[in-house]
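Biologist: Can you put the model up? I have a few quick questions.

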2 protein chains.
Amino acid sequence: MTGKTSAPFSHVHIVGTGLLGTSAGLALRERGVTVTLEDASPSSLALAEDYGAGARRGAGDPEPELVMVATPPDVVADVVIRQLEAFPSALVMDVASVKAAIARDVSSASSHSARFVPTHPMAGRERGGTVSGRSDLFTARPWVICPQDSDAHTAIRSLVVSLGALPLEMSPDEHDDAVALMSHVPQLISSLAAARLLGASELALGLAGAGVRDVTRIAQSDPALWIQIVAANSAPIAQQLRSLRDDLDTVLGALDEVNSAGSKKVLAEILSAGVSGVSRLPGKHGTSTAFASLIVVIDDSPGELARLLTQLGEWGVNLEDLRLEHSPGAQVGFADLTLAPELVADVESRLRDAGWRIAGERA
Amino acid sequence: MTGKTSAPFSHVHIVGTGLLGTSAGLALRERGVTVTLEDASPSSLALAEDYGAGARRGAGDPEPELVMVATPPDVVADVVIRQLEAFPSALVMDVASVKAAIARDVSSASSHSARFVPTHPMAGRERGGTVSGRSDLFTARPWVICPQDSDAHTAIRSLVVSLGALPLEMSPDEHDDAVALMSHVPQLISSLAAARLLGASELALGLAGAGVRDVTRIAQSDPALWIQIVAANSAPIAQQLRSLRDDLDTVLGALDEVNSAGSKKVLAEILSAGVSGVSRLPGKHGTSTAFASLIVVIDDSPGELARLLTQLGEWGVNLEDLRLEHSPGAQVGFADLTLAPELVADVESRLRDAGWRIAGERA
């Protein structure tokens with residue numbers, strides 16, 4: 001357990017007791033903050049109280065210093081406008097996963113919008129709902145804060161830091177373009193790719209390897225939530241998907257005339273663009289360092305992986321990433337260790353000496 | 001170390017000493033088989049000999065019982081035809097990742113094609129080349145065998161089993177459709193998705209989470225190899241990509257008119273099709289069982305993950321899957337444990353009691 005940083009507000013009112021609202025309530029209460037709650041659903045509100053995320057707001061309660069709006073995206077702007085009017089001295093923040101439309105709607109409808117700070121914690125991967133709320137949901141996750149009047153901004157930034165998150169500053173439009181590219185478009189691509197599997201034979205499914213699993217993993221996400229997100233950020237998403245469609249048409253043209261001059265060059269260009277694109281993703285510590293991979297064969301039994309990792313720990317080897325991989329029907333699995341490239345040769349030889357089988361490596 | 005099953009051939013000749021040929025040579029020699037080698041590249045051949053994958057074929061060497069053709073896909077058919085002529089009693093197999101064109105070319109050009117068995121081991125994920133050869137490359141990996149005259153088929157199946165792989169039988173066309181769907185199309189989709197990142201700002205890249213990393217991971221693969229694979233299987237790939245393009249156009253239409261009647265239904269349908277599609281992928285032991293996930297916060301230090309896994313091992317908990325996940329700049333990571341759903345509540349409460357922090361769970 002790490003020590004909790006104290007929060008810069010002593011009384012926060014949270015509207016919406018789903019995953020984010022409940023988690024924020026739990027985290028703030030751990031830091032000694034008074035939290036009041038409100039939700040359109042009486043059962044969700046009662047559950048959040050039972051979980052200890054705060055107490056429902058009573059008629060005589062004093063004005064909060066901060067209101068956090070954590071409702072579904074399609075009602076956020078209306079709720080923010082009402083909260084700004086109800087509490088004339090409070091700051092108001094939201095945590096929705098789209099920002100430009102909300103910021104615009106609030107500015108145009110409210111004369112108090114200088115007290116509103118649009119934000120977005122990148123912590124929505126888990127199952128939603130009050131029951132999934134966790135006080136450490138925001139730990140080490142990026143949390144976008146849109147620029148605002150400097151005092152309001154400073155206070156919200158302090159709050160984000162006190163919750164253990166990593167503040168990132170960008171304008172509402174920058175945010176929406178960024179999440180379209182980094183989150184919404186990958187989600188739709190994964191869904192489109194996974195939809196192809198509806199037509200797969202049982203034989204074909206038996207060939208499933210790590211590649212198709214990686215590409216389709218996030219297609220398992222909740223459609224009901226994603227319809228709202230995608231609908232609220234349709235323009236930046238459509239722009240990216242249109243450029244993808246143009247590239248796809250180019251690939252289809254090359255495949256249809258695969259033996260014509262230039263077709264293989266077209267395929268080479270799109271494959272190379274993919275290599276360059278993926279290399280831009282930041283590494284573990286925010287750098288673009290390339291890592292190497294070592295694939296170790298492990299027996300499919302509870303203690304084996306721990307034994308491997310204990311050994312690596314004793315040697316002081318820090319893993320950058322680790323994945324388990326199985327083939328259907330196999331009694332062994334593969335642990336795919338991601339390491340700094342300069343460590344690979346030494347770790348491989350130590351592992352072999354200790355009796356481990358190495359199934360491969362990748363630079 | 002597991003005991004090695006003996007191979008059904010005593011002398012195998014391998015043509016092509018890249019990753020697959022070298023790995024097969026190493027594996028066969030471990031099983032006491034005499035292996036001779038040949039490669040168009042003198043340096044690759046010399047390296048494979050140094051690695052112990054076999055000895056270069058001499059003029060007076062006897063006829064092998066089996067020839068394995070492991071050359072690049074675009075010359076496989078020609079090499080197979082020449083080998084069938086050179087060795088009138090030997091079986092010939094290939095290991096290329098496309099099958100229909102090769103089977104057709106061999107049948108139409110050679111009267112000996114009953115001695116040819118087209119195969120494809122699904123073991124090509126690692127870095128290519130002689131230097132990456134491993135005797136256990138094929139362990140627990142699916143290995144497709146196309147139907148052939150029964151004696152030839154039985155012998156090749158025994159060989160595949162003796163190398164520790166999992167034989168799967170399908171016709172050349174079934175194979176090519178299956179790998180288009182399960183391997184080639186995911187590869188191209190991943191490349192197309194990763195190509196979008198070329199236009200991402202540094203700010204946007206800072207938001208990269210597990211989703212975009214999963215979708216674009218295989219876009220790192222070697223373009224030179226993939227051009228050959230994609231070109232040799234262009235028709236089944238184009239068919240799948242065309243159906244994806246139709247779905248993409250439907251999504252774009254819905255995004256452009258996102259507030260019109262029916263648009264959200266269109267988005268819901270494609271997202272739901274993705275959920276259904278990914279649920280068809282076989283689970284760890286070849287079933288489609290759904291698993292649950294528990295996300296544990298771990299300090300970013302060498303011993304922590306091993307300590308977690310040792311604890312799980314002591315409790316007899318078998319992980320179905322395990323992934324590490326980091327946010328840029330964070331001093332903690334997340335271990336995403338995949339478990340049988342009935343174990344989650346118990347494991348979570350034991351971990352909490354032992355002082356671990358739980359960051360979330362997913363059904």
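Biologist: Which helix holds L159(A)?
Modeller: L159(A) sits in helix α5 of chain A, residues 150-162. Helices here are DSSP runs of H or I, at least four residues, and strands are runs of E, at least two, numbered from the N terminus. This is a predicted model: local features need pLDDT of at least 70, side-chain atom pairs count only at pLDDT 80 or more, and totals for chains, interfaces and linings use all residues. Residues are numbered from 1 along each chain as its sequence is written, with chains lettered from A and ligands numbered from 1 in the order in which they are written.

Biologist: Is L159(A) buried or exposed?
Modeller: L159(A) is buried, because 28 other C-beta atoms lie within 10 Å. The cut-off for buried is 20 or more, for exposed 12 or fewer, and partly exposed is in between, with C-beta atoms placed from the backbone.

Biologist: What does L159(A) contact, leaving aside neighbours within four places in sequence?
Modeller: A7(A), P8(A) and F9(A). Contact means C-beta atoms, placed from the backbone, within 7 Å.

Biologist: And how much of chain A is buried?
Modeller: 51% of its 363 residues. Chain A has 13 helices and 12 strands. Its C-alpha atoms fill a box of roughly 70 × 55 × 40 Å along the principal axes.

Biologist: Switching to chain B. What is the strand order in the open sheet of eight strands?
Modeller: β3-β2-β1-β4-β5-β6-β7-β8 in chain B, with mixed pairing. Strands pair if DSSP finds at least two bridges between them.

Biologist: Which strands stand at the edges?
Modeller: β3 (55-56) and β8 (166-169) of chain B. Each has a single partner strand, so one side of each has no neighbour in the sheet.

Biologist: How do β6 and β7 of chain B run?
Modeller: Antiparallel, joined by three bridges between residues 116-121 and 142-145 of chain B. H120(B) stands opposite V144(B) in β7(B).

Biologist: Why do you say the copies meet through the same surface?
Modeller: Because 100% of the interface residues of chain B are also interface residues in chain A.

Definitions and conventions:
Contact = placed C-beta atoms within 7 Å.
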